[in-house]
Amino acid sequence: MAVSPNRSSVLVSGIDQGTSGTKFCVFDSVTGETVASHGTETKRIEPKEGWTEMDPLYIMDTVWKSIDATVQQLKDKNIDVQQIKCLGITNQMLTLIPWSSKTGKPFYNAIEWCDIRTHDDNEKELDKVPERNTDHFRKTTGLPLSSLFCYTKVPWILKNVPGVMEAIKDGTCMLGTVNTWILWNLTGGVDGGLYVTDVTNGQITGLFNLETCTWDPEICRYFGIPHDVFAEVRSTSEIYGYIKSGPLAGIPISGMLGDQMAGTVGQLCFTAGQSKCTYGTAGCLNINTGTKAVYSTCGMMTSPLFQLGKSAPIMYNLWGAVEGCGQLMRWLRDNLQIVKSVEEIETLAASVDSSHDCFFVPAFGGLLSPYWEDDARGTIVGMTGYTRREHICRAALESACFMVKGLLDGVEKDTGYPISELRVDGGMTVDSLMMQIQANFVNETVVRPSVIESTSFGAALMAGAADGINVFPVSPDKLKLNVSFPLRETIFKPAMDAHERERLFKRWEKAIEKARHWASD
C-alpha cells in the first residue's frame, strides 16, 4: 500500500519492465515504503507455436504510461516530483531487440527470453561439442548451452531479420536487451540516446566472459556474431545519463540490473549466503556467493549480482530458474479458461484440502534449471474421475513450490550454504496459500516482506547508491549498502508431516519424468 512521505523526504524510483507488465514505483528513501506506483500489463505476440514476442514500441509506451500515472499520483498527494533524486531500471533478462540508431525503429519485435524458435539450432550446436555436453562453455560464460540464452537467438536475428546485416555494416544497428532499449529511449533515442548495458544483463546473454566481464570475442566468433554490435558494459550503480523529456526530465538514471538480481538486492541480500526467491512470470532462486563466482555442478547459473560503481568489486550469485508461476496462472485464465481472474485460482485451490495426487508440470517451453531440456512439454498427471478444476488449480500452485524445492537443493549443494529461511517476492507472493505450501515443501520458514515489489526497489537502491547520488551509504569496500528499513514481514512456518512430504516429492519426480523429452523422437 502506498504511503505519504514527509514533505522533505528524498525519494528514489525504479522501472521494472517484465514479461507480464511494466511498473514504475517511487519509494521513500528512509522507510523503504512505496509512495506511489502504477503498472501496465504488457501484450504478448505469438506468431507461431513456441515463438513469443513483444512490440518494442509498445514496451516503451507502457513505460511512459506507468511514469505518467505515477507522477499524477504524486501530484494528487501534493508531493513535488523534484523530490525524486534518481531512477533505476530493471528488466526481463535475455529478451532481445534489434533496432536502428538512425530511425529509432525496431527491425523486428522483441524476441522474449522464453521463446524456443531456435531449439533445432541449439540441438545442432550441441551436436558439435564433445558428448553433447551442455556445460561446454560454462567455465567461460557461467551458463549452460541452451536456447534460452542468446547463443542461437542472435544468429537467428542476423540471418532472418531484414535490414539487420546492412545496418551492422554501416554501423547503425543496435542489438540489446530491454534495459538498453529503455535507457536509449529515455536518454534521447535518435537524439543522443545512450547505448549502454550493465554487467548482469550482458553476462546472462551467454556471449560474455564471466571472468573479464566483457563481451567474449571468441564465443561471439564461434557463433558467427560480430561482438562490436553490442552495447558498452557498465556497472550496476553509476550515473549513466539523464532523462531527456517527460515529467521526469533531468532526473539521473543511475541504476541498472536484471530483474532477478534486482529482486535479490531489493531483499537486502548483500552478504554471502543470503538468498531470495521471486515468483513472477517464472520462478527464480538466487543466493549471494560474495566476490567468488561459484560454478554449478547442479544445473544452476553463475552470474554477477551487482557492482557498486566502475571500480568496485563484482558480487556474484548462483541462481536457478523454473517455468510456470505467473505464466501458468495466466494460461489457466486465458487458454484453458477455467477461471475468470488469476485471483480466483487461490480461492479455488483453497476450497480443497489437497490436489488429490494430481500433478501439473508447466513445461510449456521445456524445462529450465536444473534440466535445461527444450524438448520437455507441459503435463498433467494423476487425474481421476474425481478431479475438478479446484484440484487442477491447486496442482498449478504446488508445481512452482515443487520446482523451487529442487532449486533450493541445488544451490545448497553447490555453495555449501544452508538456507534456513526463504525470503520471497514477486506478484504471486500475495497468495498466502501458495506461500504456506512452499514452507511445507521446503520445510523451512518462508518470509514475505511488506514491500513485495522488491525488483523495482532493488533498481531504486542501486540508483540511490551511485556516486554523485549518494542517497544510500555504501560500505568502504564497496561490497554492500549499509541500509536497513523498518518493513513488516509475514512469516509462514512449515506444517507438513515428513513422510507426506517425501511421498509427494517421489510422485512429483515421476511427473517430471513424464514431461522430459516429450517432444523428441
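## The largest pocket

The lining of the largest pocket splits into 17 nonpolar, 16 polar and eleven charged residues (Ala, Val, Leu, Ile, Met, Phe, Trp, Tyr, Cys and Pro count as nonpolar; Asp, Glu, Lys and Arg as charged; the others, Gly among them, as polar). Bear in mind that this is a predicted model: local features need pLDDT of at least 70 and side-chain atom pairs pLDDT 80 or more, while totals for chains, interfaces and linings use all residues. Residues are numbered from 1 along each chain as its sequence is written, and side-chain values use heavy atoms, with hydrogens and water left out.

The space in this pocket comes to about 1300 Å³. A pocket here is an open set of points on a 1 Å grid over the protein atoms alone, where a 1.4 Å probe fits, with protein on both sides within 12 Å along at least five of seven lines; lining residues have an atom within 4 Å of a point. In total 44 residues line the largest pocket, and Ser-20, Gly-280, Thr-281, Arg-330 and Gly-427 lie nearest its centre. Elements that each supply at least two lining residues include strand S2 (21–28), strand S3 (34–41), helix H9 (259–266) and helix H10 (326–334) (DSSP runs: helices H or I, at least four residues; strands E, at least two).

## The second largest pocket

About 840 Å³ of space lies in the second largest pocket. Its lining has 28 residues, with Arg-44, Glu-46, Gly-50, Thr-52 and Phe-364 closest to the centre. Helix H2 (119–128) and H10 give two or more residues to this lining, and H10 gives the most, with five. By class, you get six nonpolar, nine polar and 13 charged residues.

## Aromatic pairs

There are 26 aromatic pairs (ring centres of Phe, Tyr and Trp, its six-membered ring, within 6.5 Å; planes under 30 degrees apart are stacked, over 60 edge-to-face, the rest tilted). Tyr-151 and Phe-223 have ring centres 5.2 Å apart and planes at 35 degrees, so they make a tilted pair. The two sit 72 residues apart, Tyr-151 in the loop between helix H3 (138–141) and helix H4 (153–160), Phe-223 in the loop between helix H8 (217–222) and strand S12 (232–234). Both are buried (under 20% relative accessible area, 1.4 Å probe, protein chains only).

Phe-208 and Trp-215 pair edge-to-face, at 5.4 Å between centres and 85 degrees between planes, and both of these are buried too. One aromatic cluster takes in Phe-137, Phe-149, Tyr-151, Tyr-222, Phe-223 and Trp-372.

## Charges over rings

Arg-117 lies over the face of Trp-156, 4.6 Å from the ring centre (NZ of Lys or CZ of Arg within 6 Å of the centre and within 35 degrees of the ring normal). Lys-139 lies over the face of Tyr-295, at 4.3 Å.

Technical notes: Buried < 20%, exposed > 50% of the residue type's maximum accessible area, 1.4 Å probe, protein only. Points joined across faces, edges and corners; volume = space filled by probe spheres on them.
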